[in-house]
Amino acid sequence: MIDAGPCPCGSGKLFTACCKPIIQGAVAPNAEALMRSRYSAYALGYWDYLRDSWHPDTRPSKVSPTATDWLGLTIVHSTTDSVEFIAGFREEKKIMALHETSRFAQDDGHWRYIDGVCDVAEAGRNAHCPCGSGKKTKRCCAKLI
């Protein structure tokens with residue numbers, strides 16, 4: 001787990017000034033901040049936080065660690081209670097894009113993740129890389145495979 005350096009959520013802030021306080025128990029000010037903190041938690045392996053940040057009505061009994069290598073996050077659109085985003089990740093030798101619209105609700109003064117509608121697809125070589133760099137996949141994350 002990192003303490004210094006940029007936040008994995010792509011906000012441009014340091015992790016210690018962005019997602020880390022929320023992961024450690026600070027109240028997320030809005031649904032987008034909670035979503036960003038959940039992305040950072042996936043990227044850094046804060047599995048207990050991921051479960052705890054789920055709404056009690058849809059919370060799984062356990063969130064299991066994965067070997068997914070998260071590459072970047074792009075927020076497409078955000079409203080009061082939903083966030084549309086694209087998260088790039090690598091599994092084995094494939095660069096993938098998760099495009100999701102997540103729903104959130106407040107529970108006991110905290111924003112919580114309810115559920116999401118998502119599409120997962122392999123990133124095309126000539127498509128924009130899902131890491132958010134603006135480069136084509138073949139000239140970005142696919143070069144690292």
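Lys and Arg count as positive and Asp and Glu as negative, whereas His and the chain ends are not counted. The legends below describe close-up views of a predicted model.

**View 1. A patch of positive charge on the surface, with Arg125 as one of its members.** The residues that gather in this patch are Arg125, Lys135, Lys136, Arg139 and Lys143. Arg125 is found in the segment that follows β4, a strand covering 110-122, and with a relative accessible area of 56% Arg125 is exposed.

**View 2. The salt bridge between Asp69 and Arg90.** The structure holds four salt bridges, and in the one shown here the closest N and O atoms of Asp69 and Arg90 are 3.0 Å apart. Because Asp69 lies in strand β1 and Arg90 in strand β2 (residues 82-91), the pair ties together parts that are 21 residues apart in sequence. Asp69 is partly exposed, with a relative accessible area of 34%, whereas Arg90, at 16% relative accessibility, counts as buried.

**View 3. The salt bridge between Asp115 and Arg103.** Here the closest N and O atoms of the two residues are 2.7 Å apart. Asp115 belongs to strand β4 and Arg103 to strand β3 (residues 94-107), so the pair ties together parts that are 12 residues apart in sequence. Asp115 counts as partly exposed at 30% relative accessibility, and Arg103 is partly exposed with a relative accessible area of 44%.

**View 4. The salt bridge between Arg51 and Asp52.** The closest N and O atoms of Arg51 and Asp52 are 4.0 Å apart. Arg51 is partly exposed, with a relative accessible area of 28%, and Asp52 likewise counts as partly exposed, at 42% relative accessibility.

**View 5. Polar contacts of the Thr68 side chain.** Thr68 is found in the loop that runs between α3 (47-52) and β1 (69-78), and at 17% relative accessibility Thr68 counts as buried, the limit for that class being under 20%. The side chain of Thr68 is joined to that of Thr66 by a polar contact of 3.4 Å, and to that of Glu91 by a polar contact of 3.3 Å.

**View 6. Ala26 and His110, residues separated by 84 positions in sequence.** The C-alpha atoms of Ala26 and His110 are 9.1 Å apart in space. Ala26 lies in the loop between α1 (19-23) and α2 (31-44), where Ala26 is partly exposed with a relative accessible area of 37%.

**View 7. Gly72 in strand β1.** Gly72 counts as buried, with 6% relative accessibility. Between the C-alpha atoms of Gly72 and Leu14, which are 58 residues apart along the chain, the separation is 15 Å.

Terms used
Residues are numbered from 1 along each chain as its sequence is written. This is a predicted model: local features need pLDDT of at least 70, side-chain atom pairs count only at pLDDT 80 or more; totals for chains, interfaces and linings use all residues. Side-chain values use heavy atoms; hydrogens and water are left out. Patches are made of residues with over 30% relative accessible area and no salt bridge: like charges are joined within 9 Å, nonpolar side chains (Val, Leu, Ile, Met, Phe, Trp, Tyr) within 5 Å. Accessible areas come from the Shrake-Rupley method with a 1.4 Å probe; for residues, only the protein chains shown count as cover. A salt bridge is a side-chain nitrogen of Lys or Arg within 4 Å of a carboxyl oxygen of Asp or Glu. The place of a charge is taken as NZ of Lys, CZ of Arg, CG of Asp or CD of Glu. Helices (H or I, at least four residues) and strands (E, at least two) are DSSP runs, numbered from the N terminus. Buried means under 20% relative accessible area, exposed over 50%, partly exposed in between (1.4 Å probe, protein chains only). A polar contact is a pair of N or O atoms within 3.5 Å; within protein, one must be able to donate a hydrogen and the other to accept it, and residues adjacent in sequence count only if both atoms are side-chain atoms.
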